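Please look over the sequence and the coordinates before reading on.

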Amino acid sequence: MPSQIIDLLTQRWDFFQGLLVEHVEICLVAILIAIVFGGVAGILISEYRKAARPTLGVVNFLYTIPSISMLGFLIPFSGIGDATAVIALTIYALLPMVRATYTGMTNVDPAIMEAAKGMGGTRMQTLVRVQLPLAMPVIMSGIRNMVTMTIALGGIASYIGPGGLGVAIYRGITTNNTAMTIVGSLLIALLALVVDAILGFVERRMQMRGQRARRTNRRLAIGAAVVCVAAALGATVPGMLASPSDTIHVATKPMTEQYVMGEALKTLIEHDTNLKVKLTEGVAGGTSNIEAGMESGQFDLYPEYTGTGWAAVLKNKGTYSEDQFDTLQADYKKRLDMSWVGMYGFGNTFGIAVRSDVAQKYNLKTYSDLAKVASQLNLGAEPDFFEREDGYDALCKAYGMSFGKTTEMDAGLKYDALDQGSVDAIIVYTTDGKLSTADAKVLEDDKGFFPSYQCGNVVRNQTLREHPELRTELKKLQGTISQRDMARMNYEVEEKGKDPKAVAREFLKSKGLI
Amino acid sequence: MGTTTTDTAIEYRDVCKSYGEKSVLSHLSLKVKRGEFVTMIGSSGSGKTTALKMVNRLLEPTSGTVLVDGRDVRETDPIQLRRNIGYAIQGSVLFPHMTVEDNISYVPNLLNKRDHDRTRKAVHKWMGIVGLPDDLLDRYPSELSGGQQQRVGIARALAASPDILLMDEPFGAVDEITRGQLQAEISRIHRETGITVMFVTHDIGEALRLGTRVLVLDGGTVQQYGTPEEILADPATEFVSQLVSRQRHTCDLPEDQLCACEHSGAARARAALDAR
């Protein structure tokens with residue numbers, strides 16, 4: 001494992017470096033906002049003590065909201081992306097900041113405060129010249145805690161679209177790449193430690209007294225400010241100079257095959273046209289969150305599955321089959337002003353896989369067989385499956401089955417859970433790379449419950465009108481990937497540890513597309 | 001009114017202060033002449049600090065009026081009022097994050113922000129007056145001795161050349177010898193500048209030695225207000241006579257004549273030794 005980690009780091013340093021920079025940017029913005037607002041709030045409530053209790057109560061409450069549900073609350077308001085991540089991180093950073101400032105300000109020796117007042121300082125002068133400097137050590141230690149926490153939490157925020165090292169962790173989990181997860185985690189830990197060490201140095205310098213120390217401090221502060229401004233300019237100016245209108249925003253779901261398709265789309269489009277592609281990979285929550293981004297214009301296109309579009313997006317009743325595709329296409333145009341362009345040729349349908357020993361023990365072949373013994377079994381599936389209209393409840397109803405226990409788990413963990421025996425059956429996708437090697441049996445959907453899930457690109461019509469060349473590119477992908485191809489590519493990424501980008505390039509080359 | 005009070009720096013007119021039911025100062029009426037050094041003495045809870053803090057409006061009277069330079073302090077801007085009144089409190093409470101120079105120039109900096117030259121001159125002048133060498137200017141309070149800290153505290157209170165100086169047990173936390181030196185310094189400064197001083201203490205010896213007038217307070221009421229001689233010669237109440245009994249019995253014979261007075265401690269000790 002250590003050698004794998006080092007290989008990954010050296011071979012794909014550019015990838016990690018990009019994530020590292022994004023991580024720093026997102027956290028830095030949140031930290032700066034929290035320092036300003038939290039600091040001001042802390043000072044205000046130390047001035048107006050009556051407001052202290054309710055204010056601390058509110059920030060305390062916000063702090064206790066689990067991060068996953070915080071992101072869930074925020075997505076409807078601020079969409080998928082940097083803004084939501086920054087807002088969430090800022091909210092969590094507020095409590096330590098407000099509390100440290102309040103504690104520092106209120107614990108300044110009252111005799112010193114009275115002396116300052118008695119000498120004729122205005123409230124503001126006393127605050128700036130006496131109270132704040134004396135509260136600074138406490139505030140500074142609060143900032144250190146807050147910064148470490150924000151950098152660590154930055155990993156979670158990356159789940160909802162923006163970059164940062166969380167991308168590596170999440171991708172590692174969804175594509176069964178443990179080394180990737182470890183590298184992401186290690187870099188976050190390392191970043192937190194380095195930043196904390198820098199702040200520790202700042203803290204020590206601030207406590208140093210004497211003229212020489214003060215002169216050195218002034219020089220260091222000016223130097224640091226220059227570096228910060230240069231970094232900020234370097235980060236923003238190139239983005240401002242580049243014309244943003246020619247960028248196609250592509251989103252993908254947190255599934256291995258979608259990472260591959262995302263890279264394939266980016267490579268193909270950028271190879272054949274002048275368009276730039278901005279990939280937002282592995283958007284947590286999948287369809288529901290990406291669809292919201294599509295409707296708001298945040299994303300231009302994403303790979304979707306027909307059955308999912310039919311039931312989860314259009315909210316149509318009944319089981320979807322491919323002879324309803326024209327209705328699906330028409331409804332997308334009418335209701336969402338979007339189109340399905342470039343059907344890849346493979347379907348990623350749901351299936352139920354049971355561990356071989358379980359299948360043998362109960363002699364399971366079909367879903368109907370499973371229904372008889374389901375009450376003794378534990379079913380594992382993604383949270384999405386328990387939520388969706390065509391998911392768990394519908395399945396149980398169709399076959400009159402009810403599982404003894406159900407367990408929600410992330411897609412990347414299902415096969416491990418099945419293998420380790422913590423669940424007996426799992427909901428699989430028929431293109432799962434791991435399915436080909438798993439010690440499991442896929443049962444037959446004897447009543448044809450699961451709809452068809454053919455994969456294709458959903459695109460905003462407005463984008464197609466603005467960039468007609470896009471339609472040509474997407475059409476090139478029509479019918480290029482069979483179910484076997486997809487399962488094999490998934491296997492290469494998940495089990496062989498190949499880079500989705502490399503797999504995508506190989507595929508495009510083999511089809512003569514690049 | 002203005003003309004009759006020109007020589008009165010501070011005046012209390014029937015001032016009362018109470019917290020809820022508890023009265024800490026009742027019906028205090030008092031005039032302090034310009035250039036006077038008033039020491040305020042009494043046990044803790046006597047109301048002496050309360051009376052002092054009313055002058056620079058750190059506390060407001062429950063009823064009655066406090067006048068500074070003939071003006072009701074309630075009608076003045078507290079910030080302006082305080083900037084013209086020096087304030088030194090127990091342990092002097094220097095700002096620990098500022099150098100000696102920054103501490104002393106704190107009030108001048110509040111007053112004239114731009115004129116650094118004038119401020120530097122004032123700092124230098126007051127360092128000299130309180131007897132501190134200039135090489136201490138870059139030190140922090142924690143690097144100073146107790147006595148040096150008190151001197152900086154006095155210099156800080158006086159740096160903006162106020163007309164009135166309020167001191168609340170400023171020498172409470174220093175040793176006997178240093179206190180003697182500081183007392184001599186403050187007496188000299190008072191003589192040289194003609195500043196009006198109000199000085200709270202719980203040491204009757206200090207009160208009698210420093211004050212041109214002594215105010216004795218007990219339980220929030222005035223026991224006696226007079227020159228040290230008046231206090232010593234005619235204690236007005238039982239409380240005052242108890243307070244000054246030791247001083248009344250002190251004999252100030254020169255060293256070589258100490259044993260000539262048979263009531264002196266030295267003579268009695270000598271007699272006891274001789275009797276062995």
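B:E11 counts as buried, because its relative accessibility is 8%. Buried means under 20% relative accessible area, exposed over 50%, and partly exposed in between, with a 1.4 Å probe and protein chains only. B:E11 is found in strand β1 of chain B, residues 8-19. Helices (H or I, at least four residues) and strands (E, at least two) are DSSP runs, numbered from the N terminus. The side chain of B:E11 makes a polar contact with the side chain of B:R13, at 3.1 Å. A polar contact is a pair of N or O atoms within 3.5 Å; within protein, one must be able to donate a hydrogen and the other to accept it, and residues adjacent in sequence count only if both atoms are side-chain atoms.

This is a predicted model: local features need pLDDT of at least 70, side-chain atom pairs count only at pLDDT 80 or more, and totals for chains, interfaces and linings use all residues. Residues are numbered from 1 along each chain as its sequence is written, chains are lettered from A and ligands numbered from 1 in the order in which they are written, and side-chain values use heavy atoms, with hydrogens and water left out.

**Chain A overall**

Chain A has 23 helices and 10 strands. Its C-alpha trace spans about 90 × 55 × 50 Å along the principal axes. Of the 514 residues of chain A, 51% count as buried. Take the contacts in chain A between residues at least 6 apart in sequence: 76% join residues at least 24 apart. Contact means heavy atoms within 4.5 Å.

A:G234 is found in helix α10 of chain A. A:G234 counts as partly exposed because its relative accessible area is 48%. A:G234 and A:Q329 are 95 residues apart in sequence, and their C-alpha atoms are 44 Å apart in space.

**The core**

In soluble globular proteins, nonpolar side chains tend to be buried together. A nonpolar core is a set of buried Ala, Val, Leu, Ile, Met, Phe, Trp, Tyr and Cys residues joined through side-chain atoms within 4.5 Å. The largest one here has 61 residues. Those with the most contacts inside this core are A:I352, A:L370, A:L395, A:M401, A:F403 and A:L470. Helix α11 of chain A (residues 256-272) gives the largest share, 6 residues. At least three core residues come from each of domain 2 (246-349 + 453-510) and domain 3 (350-442) of chain A. Domain bounds come from an automatic or database domain assignment. Leaving aside neighbours within four places in sequence, A:L395 is in contact with A:I352, A:Y367, A:F385, A:M401, A:F449 and A:F450.

**Chain B domains**

Chain B is assigned domain 1 (8-84 + 163-274) and domain 2 (94-162). The C-alpha centres of these two domains lie 26 Å apart. In domain 1 of chain B, 18 residues are in contact with 16 residues of domain 2 of chain B. B:R83, B:L182 and B:I189 supply 38% of the area that domain 1 of chain B buries against domain 2 of chain B, more than any other three residues.

B:N103 lies in helix α3 of chain B, residues 100-104. B:N103 counts as buried because its relative accessibility is 0%. Leaving aside neighbours within four places in sequence, B:N103 touches B:L94, B:F95, B:M98, B:P141, B:V152 and B:R156.

**Two interfaces**

Buried area is the accessible area (1.4 Å probe) that two parts lose on being put together, summed over both.

| Interface | Buried area | On carbon and sulfur atoms |
|---|---|---|
| Chain A and chain B | about 2,100 Å² | 61% |
| Domain 1 and domain 2 of chain B | about 1,300 Å² | 69% |

Between the chains, 21 residues of chain A are in contact with 25 residues of chain B. A:M119, A:R129 and A:R209 supply 32% of the area that chain A buries against chain B, more than any other three residues.

A salt bridge is a side-chain nitrogen of Lys or Arg within 4 Å of a carboxyl oxygen of Asp or Glu. The rule finds 1 across the interface of chain A and chain B. B:K53 forms a salt bridge with A:E114, with the closest N and O atoms 2.9 Å apart. On the side of chain A that touches chain B, α6(A) gives the largest share, 7 residues.
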